[in-house]
Amino acid sequence: MNVWLWALAALATLLLAAYALRAAGRAATAGAPAFRDMTFAVAFGYVLAAAALAGGVWLWVQPGAVFFRWAVQFFAMATAAAFLFRLAGRHVGTEATRKAFRQMPLTAAFGLLTILLYAVTAIFADILAPYGQSEVVGAVNMLPGGDPATGGDPAHPLGTDQIGRDLMSRLIYGAQNTVGIAFATTCIAFFLGGSLGFLAATIGGWLDNLLARAVDVLMAIPSLIFALLLMTIASAWAGNQQWQLTLYMVIIIAVIDSTRVFRLARAVGQSIVVMDYIEAAKLRGEGLGYLIFREILPNATAPLLAEFGLRFCFVFLTIAALSFLGVGIQPPLADWGTMVRDLAQFINFAAFSPLAAALPLMAAGAIALLTVAVNFVVDWMLHRSSGLKD
Amino acid sequence: MADHLLKIRDLRLEGRADETWHPIVNGIDLDLGRGEVLGLIGESGAGKSTLGLAAMGFTRDGVRISGGTVEFDGIDLVNAPLAEKRRLLGKRIAYVAQSAAASFNPAHRIIDQHTEAPVQHGLMSERESEEDAMRLYERLRLPNPDEIGFRYPHQVSGGQLQRAMTAMAMSCRPDLIIFDEPTTALDVTTQIEVLAAIRDIVDQFGTAAIYITHDLAVVAQMADRIKVLLRGDEVEEAPTREMLESPQEDYTRSLWAVRSFERPEKPAPAADAVPVISVRGIDAAYGDTRVLHDVSFDIHEGRTVAVVGESGSGKSTTARCITGLLPPVKGTIRLEGEDLPPDYRRRSKDQLRQVQMIYQMADTALNPRKTVGEILGRPIEFYMGLRGRERRRRVEQLLDEIELPASQFIDRLPSELSGGQKQRVGIARALAAEPRFIICDEVTSALDQLVAEGILKLLARLQDERKLSYMFITHDLATVRAIADEVVVMKDGEVVEQGDKRQMFTPPHHPYTDLLLSSVPEMDPDWLTTLLEERGRENLGDAAIDRMNG
């Protein structure tokens with residue numbers, strides 16, 4: 001009850017402060033339009049933001065708020081990196097890329113930079129990683145930080161896992177395995193869903209009905225449970241061949257995710273096939289392939305590309321989830337989902353030793369960071385493609 | 001200062017594009033007295049809509065007022081606080097948009113949207129406002145005025161919706177209404193009803209109005225004074241009669257001259273000549289709904305047949321039957337004496353090549369992701385098998401023929417072209433196939449008059465050079481007068497009258513043709529008054545119009 005009273009009092013204070021802010025602003029500027037036409041909601045928003053900022057500062061000076069300080073430090077560094085990246089992009093490259101960088105928001109610059117770093121890491125994993133991904137190199141469960149005083153080792157700056165493998169190497173190889181497989185899976189899903197969706201939209205009739213209903217049936221089953229079920233069946237077929245199981249996983253996730261792509265491609269395609277230029281091409285006597293790939297596809301790239309970014313995140317999370325559950329990418333291959341599962345119990349030590357809790361959080365953070373980065377870039381592309389239509 | 005309701009001085013408006021501000025309106029002065037109607041005319045891009053909105057102290061996103069004053073009844077609208085503008089807009093200043101269908105919220109009944117403003121401004125109770133709405137509907141001669149407001153916007157026709165919107169603007173009895181092209185999207189016969197209704201109600205309540213349009217004949221009926229705009233500058237302003245009789249500026253005169261384009265009459269085709277296209281007794285249906293009944297006409301070499309009628313009369317359906325997109329249920333279509341397969345998928349490449357089409361909306365007719373060179377190159381490659389440099393040379397020739405310099409235009413995307421240029425590219429794409437026969441589906445109705453005239457002249461020249469035959473679908477009789485050799489009048493899927501142009505424009509007519517012809521606005525400011533009187537006398541007023549509309 002007491003808590004509610006406090007909350008109520010805080011709200012009342014904020015409301016009063018908002019009113020005072022607006023009145024003070026009006027008096028001080030003698031009715032400048034910015035304050036004169038300000039609605040109460042906007043004034044309240046300003047006050048709320050100021051209160052949140054003050055709360056942040058208060059939290060920063062608390063001794064226990066280690067993760068909050070890390071997060072703020074990371075946020076500041078990320079902002080600076082994104083700013084520098086955008087600055088560099090504005091001065092290097094062709095006229096077209098420089099123009100794109102000039103209009104780019106900071107979030108998109110951060111997303112691009114992150115994706116670029118992940119790609120470099122994945123491609124050059126063999127060169128970048130100090131140890132092999134399944135190599136046991138030191139004591140078990142060494143903490144990150146590289147400082148012997150806190151239980152680290154300078155040779156393993158991010159620590160080691162439960163059987164003594166170097167975590168930094170495993171994170172780097174994880175980029176190759178998890179991201180690489182997710183990318184391949186998304187590509188297959190797009191090829192399947194996209195071509196069938198456009199086909200359904202262009203031909204219509206019974207084919208459209210058949211495909212759409214089949215997709216409805218697949219979509220009616222919760223996707224993670226469906227994937228688990230199919231993976232269980234597949235693991236019986238695969239026997240001891242680990243690479244076969246991975247292949248099955250790629251196909252299963254691709255088929256399940258292609259249903260979402262199909263829906264989008266069909267909807268986008270349907271709004272394009274009614275255009276007069278499609279009619280003109282049909283009346284010219286053009287074939288199906290020309291219609292789909294030369295007339296429809298170029299006009300559908302913007303929404304499809306945006307969907308590709310989102311779909312990639314979902315696929316990526318599905319793979320991590322399956323690996324976390326033990327049916328995804330198989331050991332000894334390094335994979336972020338598996339790493340989170342293996343080190344998960346260290347979360348319990350967060351209150352006593354933030355460094356120990358950081359062990360599973362690094363892999364989880366790698367997943368989260370990529371997802372956020374991809375979404376930033378997708379948001380920007382969607383905004384650009386919709387802006388071009390205006 | 002009661003004699004000036006609206007006073008605009010040196011108003012400058014700027015729009016934001018490519019991160020800089022570009023001028024849209026450069027210092028316009030405008031005065032409007034109480035009860036006066038001012039016509040604003042100009043081509044698209046002249047800034048007339050932006051100016052109309054600025055007269056309410058409002059700008060669209062990305063547009064700003066960079067200078068000048070707007071004074072409404074002594075109130076400075078540019079610097080007025082938002083709260084004060086809110087009290088004025090809807091109550092003392094109202095706005096009627098071009099597309100009523102897009103301006104009404106489809107999720108609410110018409111009358112609920114009507115009563116919103118009076119109730120909000122505290123002028124009437126909901127009940128009083130509803131009754132007032134019904135009286136207004138009656139005055140605007142909407143059918144079933146007691147009942148029509150309780151329908152949703154999609155349940156009434158376009159012309160009725162436009163009148164309902166005028167009623168809505170009247171709901172608070174404003175001092176000023178801005179009409180932004182309220183009849184541009186309507187058929188001629190519907191347009192008359194809306195024009196008469198607007199003029200009536202503006203007269204009765206002594207409301208001042210700014211009437212924005214690009215149609216001179218319309219503005220001549222509505223306005224006391226006319227102001228001509230060109231690219232954000234005022235060209236001239238004068239009382240309507242004076243402006244019509246003796247325009248001072250060259251630009252105004254060129255606007256006036258558009259309707260004078262007319263082609264010399266061609267000799268009738270020989271009696272034994274085989275028509276290029278012969279439509280023989282076709283019936284067509286969408287599902288179970290018959291939309292065409294026994295349509296027949298011939299189109300001879302080098303001649304233009306105009307197919308006229310209001311929307312829903314089956315003009316475009318006839319075109320779809322000829323192209324094979326909608327196979328007719330009955331009847332045949334012959335190309336130079338040979339039967340064409342009813343479905344386009346069964347036609348040979350050569351048959352497809354002979355029949356080409358130019359579309360109404362050039363925006364949707366050109367693939368936005370392809371350059372002009374690709375758009376024109378494809379039919380050349382597809383039909384003639386030309387590739388590489390030969391193909392490019394042919395594209396350049398085509399661009400020459402449609403009077404667009406090849407070096408400038410060949411690599412542009414459709415979004416980088418103006419409306420008239422897009423339509424020219426559409427024409428070139430049809431020409432690229434080297435056809436005998438082209439269907440022109442309302443090709444000029446989306447264009448300004450000056451641009452439309454250019455397109456008509458181009459089509460006429462190409463016809464003379466290449467002995468092309470045109471089927472010209474239109475609802476604009478001025479266009480028919482300009483370009484047609486023969487006319488086919490359609491109504492409800494049937495041909496009601498056909499013959500050569502001279503015959504069609506001399507009485508006696510079929511009553512429907514008469515209605516269409518008399519509905520075309522003329523430049524005479526007394527035209528609407530005279531027409532309404534005549535129709536009233538002949539008892540061919542609303543009742544007849546309703547009967548004609550079925």
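Trainee: Which domains does the assignment give for chain A?
Mentor: The assignment gives domain 1, residues 1-61, and domain 2, residues 167-389. Keep in mind that this is a predicted model.

Trainee: How many Å separate the centres of those two domains of chain A?
Mentor: Taken over C-alpha atoms, the centres of domain 1 and domain 2 of chain A are 43 Å apart.

Trainee: And what does UniProt annotate on chain A?
Mentor: An unreviewed UniProt entry puts "domain: ABC transmembrane type-1" on residues 175-382 of chain A. That stretch of chain A is 85% helix and 0% strand, with its end C-alpha atoms 26 Å apart.

Trainee: OK, switching to chain B. How is chain B divided?
Mentor: Into domain 1 (6-257) and domain 2 (277-519). The C-alpha centres of these two domains of chain B lie 35 Å apart.

Trainee: Which residues of chain B carry a UniProt annotation?
Mentor: The unreviewed entry gives "domain: ABC transporter" for residues 6-256 and 277-517 of chain B. Residues 6-256 of chain B are 37% helix and 28% strand. For residues 277-517 of chain B, the figures are 42% helix and 26% strand.

Trainee: Where there's strand, there may be a sheet. What order do the strands of the four-stranded open sheet in chain B take?
Mentor: The order is E12-E11-E14-E15, and the pairing is antiparallel. Strand E12 (289-299) and strand E15 (338-339) of chain B are the edges, each pairing on one side only.

Trainee: How many bridges join E14 and E15 of chain B?
Mentor: Two, between strand E14 (residues 330-335) and E15(B). Arg334(B) stands opposite Asp339(B), which is in E15(B).

Trainee: Last topic: how many residues are in contact between the two chains?
Mentor: 18 residues of chain B contact 13 residues of chain A. On the chain B side, helix H12 (349-354), helix H13 (362-365) and helix H14 (372-384) each supply at least two residues.

Trainee: And by class, what's on that chain B side?
Mentor: There are 13 nonpolar, three polar and two charged residues on the side of chain B that touches chain A.

Note on methods. Residues are numbered from 1 along each chain as its sequence is written. Chains are lettered from A and ligands numbered from 1 in the order in which they are written. This is a predicted model: local features need pLDDT of at least 70, side-chain atom pairs count only at pLDDT 80 or more; totals for chains, interfaces and linings use all residues. Two residues are in contact if their C-beta atoms, placed from the backbone, lie within 7 Å. Ala, Val, Leu, Ile, Met, Phe, Trp, Tyr, Cys and Pro count as nonpolar, Asp, Glu, Lys and Arg as charged, and the others, Gly among them, as polar. Two strands pair if DSSP finds at least two bridges between them. Domain bounds come from an automatic or database domain assignment. UniProt positions are given in the numbering used here, feature names are shortened, and annotations may be inferred rather than shown by experiment.
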